[in-house]
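Hello,

Here is the structure we talked about, ready for you to open. Have a look at it first, and then read my notes below.

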Amino acid sequence: MTLGGFILKNALRNKRRALLSVLSVGVSLFLFITLQVALRELTLPPEDLGSSLRIIVRNKVSLASPLPARQLQVIEKIPGIAAVTPFTFFGGLYKGDEKFTSFAQFAVDPARVKDVIVDAKMDPAEYAAWVADRTLCIVGLDTARRYNLKRGDRMQFTGTFYPCDLDLRIAGFYHGTADDRTVFFHHRYLDEASGNPGTVGCWWALASSAEEAALVTARINEAFANSSAEVRAETERAFQLGFISMWANIKVLIGSICTVVVFTLLLVTVSTMSMAIRERFRELAVLKALGFRRRELLGFILAESFGLSMLGAILGAGGAWLLYRNLDIQKLANGVFLAFEVTPRMLGMAFAIAALLGILSAIAPALSVARTSVVEGLRTLD
Amino acid sequence: MAPPIVSIRDLSKLYRQGDINVTALNAVSLDIELGEFIVLMGPSGSGKSTLLHIIAGIDRPTHGSCRVQDTDVARLNESQLADWRNRNVGFVFQSFNLIPVLTAFENVELPLLLTGLKASRRRQQVTTALHLVGLIDRQHHLPRQLSGGQEQRVAIARALVTDPPLIVADEPTGNLDAKSATDVLEILRSLSQQAGKTVIMVTHDPKAAAYGTRQLHLEKGEIVA
Ligand SMILES: Nc1ncnc2c1ncn2[C@@H]1O[C@H](COP(=O)(O)OP(=O)(O)OP(=O)(O)O)[C@@H](O)[C@H]1O
Ligand SMILES: [Mg+2]
């Protein structure tokens, strides 16, 4: 027998309790990681270059209020603007879905959108075909894969806040953007289907340089100041961050849940460990009599609690990592989550928490063992 | 004549309980020679266990000194004392106190884990000790698979495996039937007579006391005979 073997035998002497404490650490850390992953996913701003160059121009009143189509000529001429396209959210229900369509459809000017969404990669022939036919659309590769769509397939959408439906055919596919799920179609198609209201949802523009972007937004805002449709222009990044601020409360919520989970876990492991050691008080006194020193007994206790919580971490955090790596989360979460990635930082955090649990739950029993003399310890009943 | 292995001078132990002081030992002086089998007797609460604990280095006196082989035990710090116990004292308790998750062999091996001996050397010593108490065929049994008498013999093997000069036993036969008690007492006697160990045993049983080479009677913390 070695000291390691002795520690192992002690840790496993009550197999059910050992299993339960490993499981409670494991399950809690699994939950912790899941919450962290969801939080990251919800608040992850796109970091591509386009998002700092792109400018979104929307109605100052609200995102839902339309803008007059004639603003195009003014925006085009503003210095520092490289390209601009109408960008109207259709928000229809795709025929393949029953209640909820998780990808967006935008009405754009096909000739102009290519110069605004510069990171989108398309086959030139497909792109040319799309521009030429107003009933065609171009589909993000993620959506195409998810619904198993091919070129020439029909895509039908029922309007939810537009009083019209769409009946489109697929000209081709794009990829390479931060979110390759959107369907783009001709704004003229939407205009005709909705009775030519002469309005657009937003304008999306591209500044000629990142330095210009801030100036350009100011110029756009100024150009429509005191007009019947005042606008708010901001870079896509600022727009996203504004959107994310909506999630701020959720962030706080998830953060507090995580804290509570960890704290509860601490209480559970501390009490389990105290119980496990209390039962062995007399034996520990015997070990002391045989010549084991305080620091050796402390080592036994620490190794046991540390080992159990680390095993829990391997199970919970490792399990989460394995699971989310092999899971088609996009399909399961209906597209709300894209990657659902467990980052090394989260794994590090989970293991740090487990280490802390192991150490903290050893402190109280170790202290009481150190404080008890051999004679006192021998007097305690089993 | 060789110097005594245990030399106690003016030893007192006081317990303070609120306002009242309890005198567990009152100015005890005593010499114990190498190889003696000392039996401590006396009424309950007379201080037998306290005296045994102080000699064995698991308790400290309030006054006086207790030297064991020229070591003033009370002067050692916690960790020196632990080390000293490991090398000099073997413990036998009334309630055996074996570790329930370890086999007989592993229980006996336990004190050797502190010695830095190689595994093969440890095995040799454990085997010898188990032979001595006649339990080599039970070495792989867990304590709960042994009878009380066998458990106590394993405990004796654990006490002598480090080859300490001093064996202390606090009512070692208190929980045993007559036959098992005799076995245990025979082993303790042979340890003192053949192996030259100094054995100090506390007992209430006059039959057990007859195994000793010298009997000491304690009363109210003082040696009366
Ligand atoms: N921790 C303690 N606090 C207070 N008093 C104590 C403590 N330990 C022992 N005593 C007292 O010291 C005295 C001697 O106790 P000790 O255990 O040595 O008696 P004993 O002779 O071994 O008795 P028994 O035969 O019942 O085991 C008793 O009066 C006891 O109450
Ligand atoms: Mg006693």
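Helices (H or I, at least four residues) and strands (E, at least two) are DSSP runs, numbered from the N terminus. This is a predicted model, in which local features need pLDDT of at least 70 and side-chain atom pairs count only at pLDDT 80 or more, while totals for chains, interfaces and linings use all residues. Residues are numbered from 1 along each chain as its sequence is written, chains are lettered from A and ligands numbered from 1 in the order in which they are written, and side-chain values use heavy atoms, with hydrogens and water left out.

Let's start with the ligand. Ligand 1 has 15 residues around it, and B:Ser44, B:Gly45, B:Lys48, B:Ser49 and B:Thr50 are the closest. To be near a molecule, a residue must have one of its heavy atoms within 4 Å of it. The site is shared between chains, because the residues that surround ligand 1 come from chains A and B. H1(B) gives the largest share of this shell, 3 residues. By class, the shell has 4 nonpolar, 8 polar and 3 charged residues. Here Ala, Val, Leu, Ile, Met, Phe, Trp, Tyr, Cys and Pro count as nonpolar, Asp, Glu, Lys and Arg as charged, and the others, Gly among them, as polar.

Next, some distances to oxygen atoms of ligand 1. An N or O atom in the side chain of B:Thr50 is 2.5 Å from an oxygen atom of the ligand. For B:Gly45, a backbone N or O atom lies 2.8 Å from a ligand oxygen. B:His204 has a polar side-chain atom 3.1 Å from an oxygen atom of ligand 1.

Now for the empty spaces. Rolling a probe the size of a water molecule over the atoms shows where empty space is left. On a 1 Å grid over the protein atoms alone, a cavity is a set of points where a 1.4 Å probe fits but cannot get out, and a pocket is an open set with protein on both sides within 12 Å along at least five of seven lines; lining residues have an atom within 4 Å of a point. Grid points are joined across faces, edges and corners, and a volume is the space filled by probe spheres set on the points.

Where does ligand 1 sit? It sits in the second largest pocket, meaning that more than half of its atoms lie within 2 Å of the pocket's grid points. That pocket holds about 650 Å³ of space. It is lined by 29 residues, and A:Arg379, B:Ser49, B:His53, B:Gln94 and B:Asp170 are the closest to its centre. H1(B) supplies the largest share of the lining of the second largest pocket, 5 residues. The lining of this pocket has 10 nonpolar, 12 polar and 7 charged residues.

How many cavities of 30 Å³ or more does a search of the whole structure find? There are 7. The largest cavity contains about 170 Å³ of space. Its lining has 19 residues, with A:Ser21, A:Thr272, A:Met273, A:Ser305 and A:Leu308 nearest the centre. H2(A) gives the largest share of that lining, 5 residues. In the lining of the largest cavity, 7 residues are nonpolar, 8 polar and 4 charged.

The second largest cavity has about 90 Å³ of space. Among the 13 residues that line it, A:Phe6, A:Asn10, A:Arg280, A:Leu284 and A:Leu287 are the closest to its centre. The lining of the second largest cavity has 8 nonpolar, 1 polar and 4 charged residues.

Happy exploring!

Definitions and conventions: Polar contact = N/O pair within 3.5 Å; in protein donor to acceptor, adjacent residues only side chain to side chain.
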